[in-house]
Amino acid sequence: MTTPQNLDRFSRGEEIGVDVASIEREFAALWRAAGQTDERAPERKPVTRACLANLVTWVEEESTVPRVKEAFDTLVLSVPARVLVLRPEASAPGQKEFESWISANCILAPGGGKLVCSEEVTLVARGRGVEHFGPVVRALLVPNVPTMIYAADAPQRAFAALQPLLKLCDRLIVDTAEVVQGGQLKAISRLIPNAPSTVDLGWLTLASFRTTLASVFDTDEAVNALKTLSEVRLFAPKARMANRLLFLGWLSERLGWGPPKRCSTSEAVARGLPAQGSALLTVEAPHGPVFLRIDQVVPDEVEPQAPTILELVTKSGLVKLTRGRGAMLTVESFGQPPRVVALDPPSLGERIARGMGPRARDPIFDRAWPRALAMWEAVERP
Amino acid sequence: MVDAANPFREGLTQERIPEPCTVVIFGASGDLTKRKLVPALYSLARDRMLSRCAIVGFARRPLENVFRQQMLEGVNEHARRRPVHPEMWESFSSRIHYHQGAFDQLEDYVSLKRTLEEVEKQNNIPPNRVFYLSTPPSSFGTIVRNLGAAGLVPKDGPHYARVIIEKPFGVDYESAQKLNRELYEVLDENQIYRIDHYLGKETVQNLLVFRFANAIFEPMWNNRYVDHVQITGAEALGVEGRGGYFEEAGILRDMVQNHLLQVLCLAAMEPPVAFDADSVRDEKLKVLRALRPMKTADVKNHVVRGQYTSGSVLAKRVPGYREEGGVDPQSNTETYVGLEIHIDNWRWSGVPFYLRSAKRMPKRVTEVAIHFKANPLSLFGSESVVQNILAVRIQPDEGISLNFGSKVPGPAAAVAPVSMEFRYASSFGAEPPEAYERLLLDCMLGDGTLFTRGDWVMESWKYVSAIHRGWEELGGEPATYEAGTWGPSESEAMLSRSGRAWRRP
C-alpha cells in the first residue's frame, strides 16, 4: 500500500513487501507519488524512472544476494533495467510458498538535481513454488525492451525451473569467473545450448589479459614464433581455474589446437611436474604437439592472493605474463625489458552492464567455451 | 595498424592498435608536451591501446636530467587516467628520452637519427616514427627540411614517417600556400597530419554518426525543413597573457578559419561514399568550395566584427581588450566575429548559416543549432508556435537536445516548449578519450580522417582572407560589446533583418 512511509522507504531503495498480483499497481502508485513535489520535503529530488531492459536474475545461494544487489545499485546509470530477482529456496514450514518485494535502485544523475531510478522485484519461491516463476516473470516483463537472464551463481538446485525461462530471453548471462567446482561449470554448460545467445562475464574479465597477450604478437617475427610453440604453462589459483582455462580455450581456438589429452603420470613426472595439484595435457597444433602444464595453486596465509602466471615456450624465447597484486600484469617477451600493464578489472556492476551491451556477444567465446570445458574435464580426470 | 596475421587480435574490442613506434616531439620543453601530449600517450598506454611506444623529446634546452620528472608532473596533473600508477609509470617512462638540439642545425637531426636507432634497438621497436611539431609556425619549414635532409622522413618503405603539425597553418592564403609548398618538397600529403584538436572531440565526431547513422534526421537535413543554422564558439576567457599573439591573429584566424569552419563542414557536408579519410575530406572540401565568396559589400552586410570592453564575466571584473597586456591601446583586432554564410548547393540553397565566435562571452560553449522551419499553419493559436531546434553541444556538457512543443496539462490546448536531452556523461558512463589521445592514435594508425588536408586549408584561407581584405578596404573600427555579454548589437541586427535572433546557448 502506498503510504508516505512506503514512499520514503522506496526512494531510499528499501524493499517493500507486496502481493504479487499488485506489483504493477504498487509501482505505478509509488512512482506517481515520487514524481510529485512535496513542499514539506524540499530536499527530495525529482525522479526519472528509466528502463532499457529486463534483467531476470537467478540467485540460489544466500551469499550471492548482497553482491548482486550492490551491483544493481551501480547498474542504473549505465543500463537502467527492471530487475527481477528470482530466489528459489527449499520449502520451510510456516513460510509462504511464494513472496514478493519491490524496491527502487536510484542514483543521482551527474550534475545533480535529478534522481534516476529503476525498478527491482524480488520473488522468493519455496519448494514447489518455483513453478510460479515462469508465469509471474511473463507478467512482469516490460514490453518492447530486451530481456536478459543473468545466472548470478551456477544454477543447480532448481535447474528445471530455470530452463523454461530461457525461452523468454534474448540473452543468457553467466559468470564463469565465480565458478570454483566442476559441478557449477557443468550446470552452466547445460544452460548454454538452450539460450538464444550467451555472454559470459568471466570472458569479459579476460579481455585485458587477451589484449595484452595479443600486443606481444604484433610483429611478423613474434607470429612466426607461435609456429614453434612447444609448451604452455599455467599457474593459477584453484578458485580462478575455470576462468583461466577459458583463456586456454581461447588460445586453443586461436591456434587451431586439437582436443586435449591427459598425459600419463610417468610422463608428467618425467617433465618435472609435482604429483599433486598439477596436470599435463597434450594438444595437437598445426605445427606439432604442444604440452599444457596446468598447476592449481592453493593460496595460503602467506600468499592469499596467489598470482596467475602464463608462460608460452617457443624456440625464439619465452613469453611470460604474471598477474600479481594490484591487478597489474607484467609482460616479459623474447628477452625484451619487462613492461607493466594495468588490468583494470571491472566491478561486477560494470561487467553486468557490459554483458547487457550490444557488443558483448562474441562468436570467439562460443568457439572457445567447448574447448575450455574439454580442458576442464581433462584436468579433472584422475 | 598491426599485422592482421596476429591470431590474437581478432574479436578484441581494441582492434585499432597501432604498430610499435616512436613519437618525437619538437618543442618538447613547451607547455603542450607536458600538459597534453605525454599525458595523452600515458593514458593510451594505461588503456592498453599502445603496444610499445617510445617518446623522444627534442628541444634546445638541456633537459636530459629533468625531462622524465617534468613529464611525470604533467601526467600527474593532466592525464585522463590518474592517479599515476608507480609500476606502470616506471615501465612507461623507461621509454621516454630527450635529445637536445636546435631546429636549424642539421647535425642535430643527424644525431637525432642515431638516438632513434638506439632507442628502437633497445625497445625492439621498428623504425615507425611520428614527428610532432609543437613549435612556433615559423619553424615548421625549417624542421621539415632538416628532417628530410637527415633522411628521417622517407616517403616509401616498409615503415612509416609521419609529421603532425599544430595550428596555425599559415596566417593567410599566401603564407599557407608557401608552407604547403615547403612541406611538399619533402613529404607526401599522406605523411602530413595537420592537427585541429576540435576534430578529436567525441561530439564533433558524433555529428557524423548522428547524421549518417540515424535514418530519421537526414531526410530533414536540408533547405526544405531547415530555416537556418547557428554555430557558436564562445569563450569566457580573454587573451590570457597571449595579447601579442592575439593582436596578430584575431578571432577570425584563431577560431573561425579552423575550428568553426570544420564544424560547419561536418554539419553541412553530403554523406561520404565511405567512412575513410579521403571520402570524408572530399565531402568537407566540397562544402568550402560551395561557400558564397565574400566580396567587400558582403563583408559589410554579412560580417560583424567586435571587440570587448571591460565588464564582468562569471562574477569577475575583467578589463577591456585594449587594456590587456601586449595589446595596442588603439587596436582594431577583432575579439568577436559574427558571420552570415551561404552555401550555394542543392541542399542548402537559401539556408543561412550564422557563425559567431568570441572571447569574453558569458560562458564557454561550442554548439551547432539546427533551427527547423515552423509549421505552415498554427492549429493551437499564434502564441503556441514552437520552433524546433536540434542543438549539438560540443563543449562543455557534451550532448544533444531537441526542442519541441508539448501540450500543457489542463483543459486548454496550450502549447509549451520542452526539451529532450541526451548527455554523453550520463548515457555512456565511460569517460571519452581526450582529443589529443584520439588524434595521436589515429596518426599512428595512419588514419587522416580527423586531420585537415592541404586543399581544405587552402580553401578555408581563401574564404577567410577575403573577409580580411574586405575589412581592410572598408576601414573603420570594430563594434564594441561589454565583456560578459553575447556580443555587439550590430550582430543582433544582422539576424533581426531576416526576423531571426541569436539563440542563447
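User: At what angle do helix 6 and helix 13 of chain A pack?

Analyst: Helix 6 (residues 182–191) of chain A and helix 13 (residues 363–380) of chain A pack at about 150 degrees, and their axes lie 11 Å apart. Axes here are lines fitted to C-alpha atoms, for helices over the stretch in contact, with angles running from 0 to 180 degrees between N-to-C directions. Helices (H or I, at least four residues) and strands (E, at least two) are DSSP runs numbered from the N terminus. This is a predicted model, in which local features need pLDDT of at least 70 and side-chain atom pairs count only at pLDDT 80 or more, while totals for chains, interfaces and linings use all residues. Residues are numbered from 1 along each chain as its sequence is written, chains are lettered from A and ligands numbered from 1 in the order in which they are written, and side-chain values use heavy atoms, leaving out hydrogens and water.

User: So are helix 6 and helix 13 of chain A roughly parallel or antiparallel to each other?

Analyst: Helix 6 and helix 13 of chain A are roughly antiparallel, where under 35 degrees counts as roughly parallel, over 145 as roughly antiparallel, 65 to 115 as roughly perpendicular and the rest as oblique.

User: Which residues make that contact?

Analyst: On helix 6 of chain A they are Gly182(A), Leu185(A), Ile188(A) and Ser189(A), and on helix 13 of chain A they are Trp369(A), Leu373(A), Trp376(A) and Glu380(A), with contact meaning heavy atoms within 4.5 Å. By class, this contact has five nonpolar, two polar and one charged residues; Ala, Val, Leu, Ile, Met, Phe, Trp, Tyr, Cys and Pro count as nonpolar, Asp, Glu, Lys and Arg as charged, and the others, Gly among them, as polar.

User: Switching to chain B, in what order do the strands of the open sheet come?

Analyst: Six strands form that open sheet of chain B in the order 3-2-1-4-5-6, with parallel pairing, and two strands pair if DSSP finds at least two bridges between them. Strand 3 (96–100) and strand 6 (192–194) of chain B stand at the edges with a single partner strand each, so one side of each has no neighbour in the sheet. On average, neighbouring strands of this sheet are turned by 20 degrees against each other, direction ignored.

User: How many bridges join strand 5 to strand 6 of chain B?

Analyst: Three bridges join strand 5 (residues 161–165) to strand 6 of chain B, and Ile164(B) has Tyr193(B) as its bridge partner in strand 6 of chain B.

User: Which helix lies across those strands?

Analyst: Helix 12 (residues 435–445) of chain B lies across strands including strand 5 and strand 6 of chain B, running at about 150 degrees to strand 5.
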